[in-house]
Amino acid sequence: QQIRLPAIGSVINVLKEENFHQIQNWEVMVAGLESSLKEANEWCSLYENIPSDLLNCNTLQELQEKIVVVSGQLKEALTDAKFPQANIKRLLELVSVELHHKILILLRSHRVLQVSFKEFNALIETARKAIILWERALDEINVLLGSSQSRPDVFEVVTTEGKKVMQQILRVRTTRSDYERLKTNIVRALPPNDEFDAISFLMDAYGRLLGIDPFPTSDIGKEMWKEALQAYDGCLHRIESEIGERLKRRFEPIESVDQMLCLFSQISCILYRPKIRSALKVYQKRLFSHLQEQIVLLKAEQVQHTTTYERIKLLKEKKAKLGEIKCRLEEVLGPQWNQFTEAQALNLQLEEEMRHCNTEKIFAEWESSAREQRKVITGPLLVEAKDGISVNFDTTVGNLFKEITQLIDLGYSP
């Protein structure tokens, strides 16, 4: 009946409704029933073997191996004329339901929210790979079915079921991973002697999830898990708010840029939490404002210098300081620091000043000017004069020699 064989279905309907008077020819019905039962027995032998291979698995790794075996059996059935394609599709749907249900059962048996994080990741990854393996098997079977479309009819049902289970697994992984990350970062960011024991509050909030099934199949179970997650998120918001308030009190007396960068560096690992980042936004803005003032001071140092060497040297030093500011911000606030709204002005200012530190144009102008002078020395460099020994070239050549030596020290080739 699950395979939906038409002949058996019609007989079952008659028997259920006890409409025996509708049967005009018992012999024909019995013959048809015998033929259908024979067909049903063939299907049962196929159907019973396939789910049993899956249901008897005790580990997710073993389930992966059985998926390969089952997909092979289904491919063989496709080449057998006694198994019509329409019924094969129905069988695929039934097998998929069994498979995805088995994955959730195995995950549930491991108490994934309580095992070590390393074991948790291994279990989730194995379950994810099992679903992907079945999806690939369906793709291959779909090709054998000769379909012109990608997973039509029952394949859409099968794929949707797999996506639901995959999403369920990934949501649990996100919940556990976020908890482990926050726990680790709180230890790194907050002083151990802080009177607010954030770790204890966090572990207590997470502990309330442990009594709830994270892979529910019933509507009641799904509602319970949803409510548990909402309560857990509410606890996280309160913990983050308290952490934010305590960090604000640490930032308030600080005015020095170095001290602010140092403190931001200590707590950078928890700034990804929205409540904490929101609480410290004003101090982040203050930091960016102080750095903008430093850049303005660097710009003010740009005075007119007489030599190319002095101009290039100053610009190189300025570029190094700007790069140091940018690198420090990336170390403290992360590589995406310039995505913060309050950082836009500072980022634009940094980029503009970095463009102004292009020394290649200055060197090219100096090189062109030096070639145009066409200075040529004839005779010896030193000559004897009445008052002693003097050089055999004018001061402009001497200055050119001096600049060449200085530019070589800055890394330019002669």
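Guide: Eighteen residues line the largest pocket, and Lys164, Gln168, Arg171, Pro216 and Lys222 lie nearest its centre. This is a predicted model, in which local features need pLDDT of at least 70 and side-chain atom pairs count only at pLDDT 80 or more, while totals for chains, interfaces and linings use all residues. Residues are numbered from 1 along each chain as its sequence is written, and side-chain values use heavy atoms, without hydrogens and water.

Visitor: What makes a residue part of the lining of a pocket?

Guide: A lining residue has an atom within 4 Å of a pocket point; the pocket is an open set of points on a 1 Å grid over the protein atoms alone, where a 1.4 Å probe fits, with protein on both sides within 12 Å along at least five of seven lines. Helix α6 (154-189) gives the largest share of this lining, seven residues. Helices α4 (85-109) and α8 (219-251) each supply at least two residues.

Visitor: How much space lies in the largest pocket?

Guide: About 370 Å³, taken as the space filled by probe spheres set on the grid points, which are joined across faces, edges and corners.

Visitor: Why is Val296 called partly exposed?

Guide: Buried means under 20% relative accessible area, exposed over 50%, and partly exposed in between (1.4 Å probe, protein chains only). Val296 has 48%, so it is partly exposed. Val296 sits in helix α11 (residues 281-300), and its C-alpha is 9.6 Å from that of Glu353, 57 residues away along the chain.

Visitor: How do you know what span is expected of helix α3?

Guide: The expected span is 1.5 Å times one less than the number of residues. Helix α3 (residues 60-78) has 19 residues and an expected 27 Å; its first and last C-alpha atoms are 27 Å apart, so the two values are close.

Visitor: What makes a set of residues a nonpolar core?

Guide: Its members are buried Ala, Val, Leu, Ile, Met, Phe, Trp, Tyr and Cys residues joined through side-chain atoms within 4.5 Å. The largest such core has 97 residues, and those with the most contacts inside it include Ile103, Leu107 and Trp134. Helix α5 (residues 117-144) gives the largest share, ten residues.

Visitor: Which residues is Leu107 in contact with, leaving aside neighbours within four places in sequence?

Guide: With contact meaning heavy atoms within 4.5 Å, Leu107 touches Leu60, Val112, Leu123, Ile124, Ala127, Ile169 and Phe215.

Terms used:
Helix = DSSP H or I, 4+ residues; strand = E, 2+ residues; numbered from the N terminus.
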